[in-house]
Amino acid sequence: MRNFTNVHDLGNLQQALKEAFEIKKDRFRFTELGKNKTLLMIFFNSSLRTRLSTQKAAMNLGMNTMVLDVNQGAWRLETERGVVMDGDKPEHLLEAIPVMGCYCDVIGVRSFARFESKEDDYSEKMLSEFIKYSGRPVFSMEGATRHPLQSFADLITIEEYKKTARPKVVLTWAPHPKALPQAVPNSFAEWMNATDYEFVITHPEGYELAPEFVGNARVEYDQRKAFEGADFIYAKNWAAYADPHYGKVLIRDMSWTVDSEKMALTNDAYFMHCLPVRRNMIVTDDVIESPQSIVIPEAANREISAQTVLKKMLKSL
Ligand code: CP
């Protein structure tokens, strides 16, 4: 696997899951694979879990790691061609990317949707430029439209906790004070659609995701109806996708917060969220602190998803 930006790059999903569980049983079995290889992690946006779990995964494989926070200490980067660079951005991305490629063997990139241009966001402009100009294998540490390392960890977690072969998994919108990208819900939907689970998406009208991500999911506008009989509740906020409201917060309806009364409608469902989570906006304290909350094991599996992906990339160097 040269690059990793979505579920399809992984190839056979069942095989990848098998590899992930083997790694989880013995995460230091492949320490020779990354010897004298360097991972460069580039962050255009903040991170706690992705930064730590990916670095740990690389160390488990024997790799050296370097982290660059582009907006803290690096030159500000111009991203558009044809610009007269007489402003506050002294370096162009088109030099910066190949230079970064000189110092490493694999590159991870985090670059969120900017909500300035839907076309730029949905063409994954930044990730595509790293793939095109770095000369190195590139993986997404959350792009504008997807967060595949998170979704892979989510899938691993569901496989570990599911009580039936074909669980009912519900992705629910929940309120948030700021406009958030669609990367996590898009990606979660993409990965759920790659399984044979029963998959339902619930959100207020106006928050429809892009049809290519919704795929075969059932869309249910009544959150309570969606929760009935669910085995997993995956909560997330996202801003509107559809024009003319792309990137906008349409409503902040607190009746969509996941609480214990709604969880009681489920089949004793597990509660999931990618974190960070805004308590008492997205989910109440009692639900996230309940025994059914699996947000911590879900976050722990980020190390496993990252290690499985890095192992595959190292093997193809
Ligand atoms: N879930 C997730 O990607 O967390 P961070 O933004 O902290 O990396």
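Let's start at Arg218, which is partly exposed with a relative accessible area of 38%; buried means under 20%, exposed over 50%, and partly exposed in between, with a 1.4 Å probe and protein chains only. Its side chain meets that of Glu220 in a salt bridge at 3.2 Å, N to O, and Glu220 is buried, with a relative accessible area of 11%. A salt bridge here is a side-chain nitrogen of Lys or Arg within 4 Å of a carboxyl oxygen of Asp or Glu.

A word on what you are looking at: this is a predicted model, where local features need pLDDT of at least 70 and side-chain atom pairs count only at pLDDT 80 or more, while totals for chains, interfaces and linings use all residues. Residues are numbered from 1 along each chain as its sequence is written, and side-chain values use heavy atoms, leaving out hydrogens and water.

By the salt-bridge rule, the count comes to 17. One of these joins Asp69 and Arg51 at 2.6 Å, N to O. Asp69 sits in strand β2 and Arg51 in helix α2, so the pair ties together parts that are 18 residues apart in sequence. Helices (H or I, at least four residues) and strands (E, at least two) are DSSP runs, numbered from the N terminus.

Strands β1 (residues 38-43) and β2 (residues 64-69) pair in the parallel sense over 6 bridges, pairing being called when DSSP finds at least two bridges between strands.

Now for the helices. In α6, 11 of the 14 residues are buried, so this helix is largely enclosed by the rest of the structure; Phe152 and Leu155 are among them. The geometry of α6 (residues 148-161) works out too: at 1.5 Å a residue it should span 20 Å, and its end C-alpha atoms are 20 Å apart, which agrees. That expected span is 1.5 Å times one less than the number of residues. Helix α7 (residues 183-193) is likewise largely enclosed, because 10 of its 11 residues are buried, including Phe188 and Trp191.

Finally, Tyr103 lies in the loop between α3 (93-102) and β5 (106-110), and Tyr103 is exposed, with a relative accessible area of 55%.
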